[in-house]
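Dear colleague,

I am passing on to you the structure we talked about, followed by an account of what was found in it. Please read the notes with the model open beside them.

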Amino acid sequence: MLSPSKPKISVITVVKDHRDGLMVTRNSILSQTSLDFEWLVVDGLSSDGTELVLSQLSSRQGIRIFRQPPSGIYPAMNFAVQNALGEFVWFLNAGDFFLSSESVANMIKLIETNADISMFATSVLYFSKTQFLYDIKVPAIRQINGYRVADFHHQGVIL
C-alpha cells in the first residue's frame, strides 16, 4: 500500500489510450519499496482497456484516479499538480518506469538530506522494445537572454 497520509512525493501519470504503457508504469509503481508516495493518474477518457486497468487500481490506498475529457498533456499535468498532496511531484507518463524498486526510496533520502533544495534533476534513459538506446544526461546550465537555464526532461525532474 502507498502512503495514506501526506506523502513525500506525488508521482503523476497522464494517460490516453495507452493500456500497455500504463501496465508497465503500474508494475513499476507497485514494485517500489517506499510507501511514502502517492500515485495520481489522469486518464483522458481512454477507450482501449486503460479504464479497466484503472478500475482494478481504484480501491488501492495511495492511488488516486481522475477521468476527464482530454484537453492535452500539459493541462492534465497541471490538473494533477493542483490535486497532489505530496511535498514534491514527479512525472512518470504511461510507458515510463523507474529503473529500480528503490527509485522512490532513494529520491526520498535525497530530499530528506537536502532540505534546502526544492528541485532535483536526474538522467532519463531511453529504451526501444529490445535495447537501451541512449542516456540523456542533465545538461550544463547555459545563459539565454541573461537567464540561467537548462533543458530538462519532465520525467527526470522532481520538484
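**Leu-99 and the loop that holds it**

Leu-99 is exposed, with a relative accessible area of 57%, where exposed stands for over 50%, buried for under 20% and partly exposed for what lies in between, all taken with a 1.4 Å probe and protein chains only. Its place is the loop between β4 (88-91) and α4 (103-113), and although Leu-99 and Ser-28 are 71 residues apart in sequence, their C-alpha atoms are 8.2 Å apart in space.

Before going further, please keep in mind that this is a predicted model, in which local features need pLDDT of at least 70 and side-chain atom pairs count only at pLDDT 80 or more, while totals for chains, interfaces and linings use all residues. Residues are numbered from 1 along each chain as its sequence is written, and side-chain values use heavy atoms, with hydrogens and water left out.

**The chain as a whole**

Read from the N terminus on, the order of the elements is β-α-β-α-β-α-β-α-β-β-β-β-β-β. Of the 159 residues of the chain, 40% count as buried. Among contacts between residues at least 6 apart in sequence, 73% join residues at least 24 apart, a contact being heavy atoms within 4.5 Å.

**Helices α1 and α2**

Two packed helices are described by the angle between their axes and the distance between the axes. Here helix α1 (residues 19-30) and helix α2 (residues 50-57) pack at an angle of about 25°, and their axes are 9 Å apart; the axes are lines fitted to C-alpha atoms over the stretch in contact, and angles run from 0 to 180 degrees between N-to-C directions. That angle makes α1 roughly parallel to α2, since angles under 35 degrees count as roughly parallel, over 145 as roughly antiparallel, 65 to 115 as roughly perpendicular and the rest as oblique. The crossing of α1 and α2 is left-handed, a term used if the near helix is turned anticlockwise from the far one by less than a right angle, with right-handed used if clockwise.

On the side of α1 the contact is made by Arg-19, Leu-22, Met-23, Arg-26 and Leu-30, which meet Thr-50, Val-53, Leu-54, Gln-56 and Leu-57 in α2. The residues of this contact of α1 with α2 divide into six nonpolar, two polar and two charged, where Ala, Val, Leu, Ile, Met, Phe, Trp, Tyr, Cys and Pro count as nonpolar, Asp, Glu, Lys and Arg as charged, and the others, Gly among them, as polar.

**Two aromatic pairs**

A search of the whole structure finds two aromatic pairs, the rings of Phe, Tyr and Trp (its six-membered ring) being paired if their centres lie within 6.5 Å, with planes under 30 degrees apart called stacked, over 60 edge-to-face and the rest tilted. The rings of Phe-66 and Phe-79 have centres 5.1 Å apart and planes at 85°, so this pair is edge-to-face. It links distant parts of the chain, with Phe-66 in strand β3 (residues 63-67) and Phe-79 in helix α3 (residues 73-83), 13 residues apart. Phe-66 counts as buried at 18% relative accessibility, whereas Phe-79 is partly exposed at 25%.

The pair of Trp-90 and Phe-98 is edge-to-face as well, at 4.8 Å centre to centre and 65° between the planes. Trp-90 is buried at 6% relative accessibility, and Phe-98 is buried with a relative accessible area of 8%.

**Single residues to look at**

Asp-17, in the loop between β1 (9-15) and α1, has a phi near 50°, a positive value in a residue other than glycine, and is partly exposed at 31%. Leu-45, in the loop between β2 (37-43) and α2, likewise has a positive phi, near 55°, and is partly exposed at 39%.

Trp-39 is found in strand β2 and counts as buried at 0% relative accessibility; its C-alpha atom is 9.9 Å from that of Leu-85, 46 residues apart in sequence. Ser-71, by contrast, sits in the loop between β3 and α3 and is partly exposed at 49%, while its C-alpha atom and that of Gly-44, 27 residues apart along the chain, are separated by 7.7 Å.

Methods. Helix = DSSP H or I, 4+ residues; strand = E, 2+ residues; numbered from the N terminus.
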